[in-house]
Amino acid sequence: ARRLAYGAREYNREVVVVDGVPGPPVDRIRYRSLRFSPDGRRFAYVADMAGRQQVVIDGIAYPEVAAIGTEGPLFSPDGNRFAYVAMNEGKEFVTVDGLEGELFDAIIPGSLVFSPDGKRYAFAARRGDKGVVVVDGKAGDWYDGIMVGTPVFSPDGKRFAYGARKADRHSVVIDGIPGPEFDSLGRDMLKFSPDGSRLAYAASRNGHWHLVVDGTLGPEFEGIVADSITFSPDGKRLAYLAGSGGRQRVVVDGKIGPACDFHPATRLRFSPDGRRFAYALARDGRWQVSVDGELGPFYDAIADGSPLFSPDGSRVAYVAKRQNSMVMVMDGREAGEWDGILSGTPVFSTDGKRIAYAVATEKQRRMIVEGTVGPDFAAILVAPVVCADGFLRYLAAEQTAAGLMLVAVEVPGFGYK
């Protein structure tokens, strides 16, 4: 459903209008707090009244307090639950679904989080010089510090983890149980596998960094690249990017790959079935793609979004740059060289047997489907989309005597089984 909310002022008072219906007038609206739940069903904001603040959820005003946390109300991913940080008489607490929780000296900003399924919640708090993580209303052990960016939940919501410090020793606490101690932990680098059964994080000991997977230390490096930890979709395999001696290497299932100069971590790719792995790397100013450990030819650049596996994992494609041309490489072979290859392509059919991509010549744009060149267009306006009815669809513009004419193009044989 399409919904709209905005703030308005009337006679020195402010109101929030939701779907055309104005709410009660208040002294001030915290406009950055206006938000819909992820599913769009619910709406919340923070209002000021006579020097006090309150959260309003679906038109219901909750008790006034001295202040509401700067992040305002938080909805669970399914929109069924809400929570916010509130302050009264110098103490802070978390209100979940309207119920006020335990008092603390402070709730750590940004730590309040719902599990992906919305059934659980957690946050980090401080009392004096000690920190604690509270999960579903139950406080864990107290520590000298809680790592920024934690706690985190597993994708299935069944597990949680956070970084903690006692004196100068750091550990990751998993489901309430502290792991091995280290000199430091990598910030924002706690990563659960998609099924929640495994956890990986970066930690340092004696000046060396390791990736710790299920409590086991990997090889030592000078550093682990943030945001590079990548599990396969089935959670059985793991890849990450590490560096030593000014060079970087991709580590897959504990096996260290060739040294490279630069690597965008977002290009680590497992196939959907987890059997295959590919990534782009640069060496001495030239780029290659590694597929299952085999290096392809050198190019001047590899396009964003490449490499790409087919849904069944049987095929892999990428777009490369050679001087002033763009090259489509499919299954290790060059399929053609063009002035340009449009972003959002290539696209595989759902069974992986067919591939389509849009190319540009000096004056025309064409869609190529499994080697067959389609008609010329003045422009291809929207990247092709595989639809549930089995068609590949895209929007193009054709030049006519009267001007440009929009053309909706359908290509059969791409859809779902």
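This text walks through the structure from the whole chain down to single residues.

The model is predicted, so some limits apply: local features need pLDDT of at least 70, side-chain atom pairs count only at pLDDT 80 or more, and totals for chains, interfaces and linings use all residues. Residues are numbered from 1 along each chain as its sequence is written, and side-chain values use heavy atoms, with hydrogens and water left out.

Start with the whole chain. It holds 0 helices and 49 strands. Both are DSSP runs, numbered from the N terminus: helices are H or I with at least four residues, strands are E with at least two. The C-alpha atoms fill a box of roughly 70 × 65 × 40 Å along the principal axes. Of the 417 residues, 46% count as buried. Buried means under 20% relative accessible area, exposed means over 50%, and partly exposed lies in between, with a 1.4 Å probe and protein chains only.

Now look at the sheets. Two strands pair if DSSP finds at least two bridges between them. E1 and strand E2 (residues 13–18) pair over 6 bridges. Within this pair, Ala 5 stands opposite Val 18.

Another open sheet has 4 strands, in the order E4-E5-E6-E7, also with antiparallel pairing. Its edge strands are E4 (28–36) and E7 (60–61), which pair on one side only. E4 meets strand E5 (residues 43–49) over 5 bridges. Here Ile 29 stands opposite Ala 47. In a regular strand the side chains alternate between the two faces of the sheet.

Move along to strands E40 (residues 325–330) and E41 (residues 333–338). They pair in the antiparallel sense over 5 bridges. Met 328 stands opposite Gly 336. The hairpin has 2 residues between its strands, and Asp 331 takes a positive phi near 55°.

Next, the aromatic rings. The structure holds 13 aromatic pairs. Rings of Phe, Tyr and Trp (its six-membered ring) pair if their centres lie within 6.5 Å; planes under 30 degrees apart count as stacked, over 60 as edge-to-face and the rest as tilted. Take Phe 182 and Tyr 201: their ring centres are 6.3 Å apart and their planes stand at 80°, so the pair is edge-to-face. Phe 182 sits in the loop between strand E22 (177–178) and strand E23 (184–185), while Tyr 201 is in strand E25 (residues 199–205), 19 residues apart. Both residues are buried. Elsewhere, Phe 36, Phe 43 and Tyr 45 form one aromatic cluster.

Ser 228 lies between strand E28 (223–224) and strand E29 (230–231). Ser 228 is buried, with a relative accessible area of 0%. Its side chain reaches the backbone oxygen of Val 225 at 2.7 Å.

On a 1 Å grid over the protein atoms alone, a cavity is a set of points where a 1.4 Å probe fits but cannot get out, and lining residues have an atom within 4 Å of a point. The count comes to 1 cavity of 30 Å³ or more. The largest cavity has a volume of about 40 Å³; a volume is the space filled by probe spheres set on the points. Its lining consists of Tyr 62, Pro 63, Val 65, Tyr 84, Thr 95, Gly 98 and Glu 100.

How values were computed:
A polar contact is a pair of N or O atoms within 3.5 Å; within protein, one must be able to donate a hydrogen and the other to accept it, and residues adjacent in sequence count only if both atoms are side-chain atoms. On a 1 Å grid over the protein atoms alone, a cavity is a set of points where a 1.4 Å probe fits but cannot get out, and a pocket is an open set with protein on both sides within 12 Å along at least five of seven lines; lining residues have an atom within 4 Å of a point.
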